[in-house]
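Subject: Structure for you, with notes

Hi,

Here is the structure I promised to pass on. Please open it alongside this message; my notes follow below.

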Amino acid sequence: MRILSIESSCDETAAAVVEDGTRVLTHSVASSASLQKKYGGVVPEVAARRQVEVIIPVINEVLEPLGESPSSQIDALAVTIGPGLIGSLLVGVETAKALGYVWEKPLVPVNHLVGHIYSAWLAGEAPRLPALALIVSGGHTELILVEGHGVFHKIGQTLDDAAGEAFDKVAQTLGLSYPGGPEVEKLAQEGDPQKIKLPRPMIDSPDFNFSFSGLKTAVLFAMKQAHTGGNFSQFKADLAASFQQAVIDVLVRKTFRAVQEYPVRSVLLTGGVAANKALRKSLERESSRFKGLRFFCPPVNLATDNATYIATAAYFNFDRWVIKARDPRFFSLSADPRLGIPSYTKHG
Ligand code: KG4
Ligand code: ZN
């Protein structure tokens, strides 16, 4: 089955054609990040306007390799319906509905967070379930129990900033550009992760929640106190490395506390921050200490927002979520900027 997927939840406009869930035939991502650089973050209106400009060229780009009549080679469409920025989401959702209507193809609505989870299927081997997914992105930090396809329970989340957001804000403090995660990672490679003492918020709390805003503020204070002489560029590298280590320590500790509580067979690291090599390595190393536990994460270039895993999620949940081309629900389908994953409560 070939699915054309569309993802437009934030500042990326992406499309992909994926066969049988995991074979990526083509994919393309246009980002307005360079336009957003001067603001140090995403301005929703700037993102939405750019989405409108590039969505058709991006879709055309992924259809082109299919030759003369691309629609005849597509079995279904999939689109991110939330969570995300409403203006951006609507561009993708309405485009997918229009294509589905004209081509008479079924449409699969996909939750962006669930999409991230399925990026772990793109590494070459299907994770065994049940699994524990750590989603770390610019907007979310969540621990999700994946009991089976379509069965997701949130067991913990950040109470303030997301991990990626902390990377982006710390990058700003260090004078690096947006998006900050890859920049902080690069600088951290030159620094000593043990050099500067930083807090590990909530690392010992008995739940599976996170907090990163205090850590971000601690980095800001460390920078303010550091202006007096010395090797400032080395100090910044040490601060980047110490910050990254603090984030990793908290993520690893909480993830494996959850592994001890829930009988899972795989740990999945997903979301944009899953591109971070030090984080990947730490979780992989820790996973190998648990008998029978396997670690999965997407290829680095497919961790940040793109449309491939939206098709993967749609494929593995096709019968569960599909809306037929002439179904009345097709027309009423809309974006939901606050869509989430339901929390797990032990007593229902
Ligand atoms: O999943 P994503 O592309 O978008 C959202 O759904 O939010 O995640 C983007 C986030 C940004 O905060 C970015 O700084 C972070 O992922 N990120 C990284 C790395 N690459 C991207 N954080 C740490 N290390 C990286 N290598
Ligand atoms: Zn994302």
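Ligand 1 has 19 residues around it. Gly-138, Asp-168, Gly-181, Glu-185 and Asp-305 come nearest. Bear in mind that this is a predicted model.

A backbone N or O atom of Gly-138 sits 2.8 Å from an oxygen atom of ligand 1. For Asp-305, a backbone N or O atom is likewise 2.8 Å from a ligand oxygen. At Gly-164, a polar backbone atom lies 3.1 Å from an oxygen atom of ligand 1. On its own, ligand 1 exposes 560 Å², and the protein buries 90% of that.

Now the site itself. Ligand 1 takes up the space of the largest pocket. Helix 4 (112-118), helix 5 (163-173) and helix 6 (180-188) are the elements that give two or more residues each to the shell. Helix 6 supplies the largest share, with four residues. By type, the shell divides into 12 polar, four nonpolar and three charged residues.

One more residue to look at is Tyr-39. Where does Tyr-39 lie? It is in the loop between helix 1 (33-36) and helix 2 (44-63). Tyr-39 and Arg-289 are 250 residues apart in sequence. In space, their C-alpha atoms are 43 Å apart.

Best wishes

Technical notes
Residues are numbered from 1 along each chain as its sequence is written. Chains are lettered from A and ligands numbered from 1 in the order in which they are written. This is a predicted model: local features need pLDDT of at least 70, side-chain atom pairs count only at pLDDT 80 or more; totals for chains, interfaces and linings use all residues. Side-chain values use heavy atoms; hydrogens and water are left out. A residue is near a molecule or strand if one of its heavy atoms lies within 4 Å of it. A polar contact is a pair of N or O atoms within 3.5 Å; within protein, one must be able to donate a hydrogen and the other to accept it, and residues adjacent in sequence count only if both atoms are side-chain atoms. Accessible areas come from the Shrake-Rupley method with a 1.4 Å probe; for residues, only the protein chains shown count as cover. On a 1 Å grid over the protein atoms alone, a cavity is a set of points where a 1.4 Å probe fits but cannot get out, and a pocket is an open set with protein on both sides within 12 Å along at least five of seven lines; lining residues have an atom within 4 Å of a point. A molecule sits in a cavity or pocket if more than half of its atoms lie within 2 Å of its grid points. Ala, Val, Leu, Ile, Met, Phe, Trp, Tyr, Cys and Pro count as nonpolar, Asp, Glu, Lys and Arg as charged, and the others, Gly among them, as polar.
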